[in-house]
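Have a look at the model first, then read on.

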Amino acid sequence: MNNYMKLLYHLKQFEGDGKFHPIEQLFLDSTTNEIGNILKELLDEKFIQLTGREPIYETFLFEKNLMTGESSLTESPLNKLKKLQEPDEYKAKITFAGAKYLKEEIQMKESGKYNINASGAGSNNTFVIESNNVTSENKPNFTAKIEEIINALKLDQSISSELREKAILDLQQASNEVSKTGKLPEKLVKGILEYGSQIGSIGSLLFSLFSN
């Protein structure tokens, strides 16, 4: 179960209680930044509501002598206290949209299918992948499309280098698999399609990769 599903499944049991629930214990092997990235993506999709780990803003005291016109800016003594305080941990609750998405994903998995949404370049594409390997009858065409996607990734400066490198490695592996066997393992297909929801610039390209 991936991190998104793990969180939504956990929060589903509290659906409708109107409360925010601690969730960081679900990701003990992840850093705070990694947890924040996971939550941001779910928040952007409006699958959860979130609170906690609010940014700390420093305050300063401005003083002006009305007689001399001189002014001064000094740091508030509260800043040191703020830095010593542990921020409130992340808490979340599932939204109606999140519960609906979770239900659909569970139904798809139980029926042996995967429902993956790939958005980007003005498209919003949903792929339904059966639980078996995907076969490519046109190897040169598939390889050419893989290269096109890789080139698009190299030009996309809106994503992290880590995500870019991981996506390129998976795509290169897919190209090698098709060249050797003409088939792609289900797990690799699912992983590649999920990049479509993370990287907007390749959503429509991924659609063309598996739609023909």
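## A pair in helix α6

Lys166 and Asp170 join their side chains in a salt bridge, 3.8 Å from N to O. The term covers a side-chain nitrogen of Lys or Arg within 4 Å of a carboxyl oxygen of Asp or Glu. Lys166 and Asp170 sit about one helical turn apart because they are four residues apart in helix α6 (residues 161-181). Helices here are DSSP runs (H or I, at least four residues), and strands are runs of E (at least two), numbered from the N terminus.

Asp170 counts as buried because its relative accessibility is 17%. The cut-offs: buried is under 20% relative accessible area, exposed is over 50%, and partly exposed is in between (1.4 Å probe, protein chains only).

## What the model is

This is a predicted model, where local features need pLDDT of at least 70, side-chain atom pairs count only at pLDDT 80 or more, and totals for chains, interfaces and linings use all residues. Residues are numbered from 1 along each chain as its sequence is written, and side-chain values use heavy atoms, leaving out hydrogens and water.

## Other salt bridges

The salt bridge count is five. Among them is Lys100 with Glu104, at 2.8 Å from N to O; both belong to helix α4 (residues 96-110). Lys100 is partly exposed at 46%, and so is Glu104 at 30%.

Glu15 and Lys12 form another, at 2.7 Å. Glu15 is partly exposed at 37% relative accessibility, as is Lys12 at 34%.

## His21

His21 lies in strand β1 (residues 21-22) and is buried, at 12% relative accessibility. Beyond neighbours within four places in sequence, His21 contacts (heavy atoms within 4.5 Å) Leu11, Phe14, Tyr90, Lys91 and Ala92.
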